[in-house]
Amino acid sequence: MKAIEIAGLLHDIGKISIPLDILTKPSKLKKTEFELIKDHVEEGYKILKQIKDFEAIAMMVRQHHERLNGSGYPFRINGNEITVGGKILAVADVVEAMSSHRPYRAALGIEAALDEINKNAGILYDEDVVRACQKVFENGWAFDD
């Protein structure tokens, strides 16, 4: 649990390698700009793997944009190739990203984010992780199963 918490806090650390004008661009990114953004997972991995006992955390950071069906990045891995921590970060990252303001769009809200993960549970996102996320928003941390 502590490793997932740390990975959650550091999952976008690799964005320090991305030019600020791309990170804050108020319009749609060009394909080449998006390719640069995608590098943040590998850059984050490279930073974190150098820290003693951070191998699992570094791997979660590397995998937080991978998807169950293999459509994610950077390696397009799928299903059981993705660590549990990577699957948890993927769902948390989507919910946070969709419910937060971005330079290129207003926040879409928690309902839209939860709808996205529920609609794609078992396709893009791990069903157990989606179910746990849903329970947290419904009940807070007070659930037994």
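Gly85 is found in helix 6; helices here are DSSP runs of H or I with at least four residues, numbered from the N terminus. This is a predicted model, where local features need pLDDT of at least 70, side-chain atom pairs count only at pLDDT 80 or more, and totals for chains, interfaces and linings use all residues. Residues are numbered from 1 along each chain as its sequence is written, and side-chain values use heavy atoms, with hydrogens and water left out.

Gly85 counts as buried because its relative accessibility is 7% (buried is under 20% relative accessible area, exposed over 50%, partly exposed in between, with a 1.4 Å probe and protein chains only). Setting aside neighbours within four places in sequence, Gly85 touches Ile4 and Met60, a contact being heavy atoms within 4.5 Å. Its C-alpha is 9.8 Å from that of Val129, 44 residues away along the chain.

## The aromatic pair

There's 1 aromatic pair in the structure (Phe, Tyr or six-membered Trp rings with centres within 6.5 Å; planes under 30 degrees apart are stacked, over 60 edge-to-face, the rest tilted). Phe34 and Tyr73 have ring centres 6.1 Å apart and planes at 85°, so they pair edge-to-face. The two sit 39 residues apart, with Phe34 in helix 3 and Tyr73 in the loop between helix 5 and helix 6.

Phe34 is partly exposed at 38% relative accessibility, whereas Tyr73 is buried at 14%.

## Charges over rings

Tyr73 also has the charged end of Lys38 over its ring, 5.3 Å from the centre (the cut-off is NZ of Lys or CZ of Arg within 6 Å of the ring centre and within 35 degrees of the ring normal). Over at Tyr45, Arg62 lies over the face, 3.6 Å from the ring centre.
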